[in-house]
Amino acid sequence: MKLTVAEIERVILYEVMVDCYTEEEANMGWAIYMEENVNFPFEAEYFVKMKSGKNEWRKVSVVNSQTDPSSFDGGEWYVEIELDEFIVSAKLSELRYIKAEEETMRALQVWNHKDRY
């Protein structure tokens, strides 16, 4: 279910930023929101650069958050993905075609608007 801009703004104001007065408190609000609302694993595509020079988008399983909520600085959110037999760190922004349960998709929509606040 795609959220409207008004719904996203309501979530940001009343769930993420509520009672936040400093940048550090806002970062903690985002970290807690993501930790509580993104459920693993989920599927996505990740762009892989190969030694042979061939590059392609690969289906991956996003298995965990790599970002530590206690030290989140408001920048990128990092996740761990299964790529072949490896666990690789990736920026959430480097993923596309995400397929996840509704709560996770909702949280990711809200996350994509974070730079506006």
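This is a predicted model: local features need pLDDT of at least 70, side-chain atom pairs count only at pLDDT 80 or more; totals for chains, interfaces and linings use all residues.
Q: Why does Phe 42 count as buried?
A: Its relative accessibility is 4%, and buried means under 20% relative accessible area (exposed is over 50%, partly exposed is in between; 1.4 Å probe, protein chains only). Residues are numbered from 1 along each chain as its sequence is written, and side-chain values use heavy atoms, leaving out hydrogens and water.

Q: What makes Phe 40 partly exposed?
A: Its relative accessible area is 27%, so Phe 40 falls in the in-between class.

Q: How many aromatic pairs turn up in the whole structure?
A: Seven. One of them joins Phe 40 and Phe 42, with 5.7 Å centre to centre and 20 degrees between the planes. Rings of Phe, Tyr and Trp (its six-membered ring) pair if their centres lie within 6.5 Å; planes under 30 degrees apart count as stacked, over 60 as edge-to-face and the rest as tilted. So Phe 40 and Phe 42 are a stacked pair.

Q: Why is the pair of Phe 72 and Trp 111 called tilted?
A: Their centres are 5.9 Å apart, with 50 degrees between the planes.

Q: Why are Phe 72 and Trp 111 called buried?
A: Phe 72 has 8% relative accessibility and Trp 111 has 7%, so both get the buried label.
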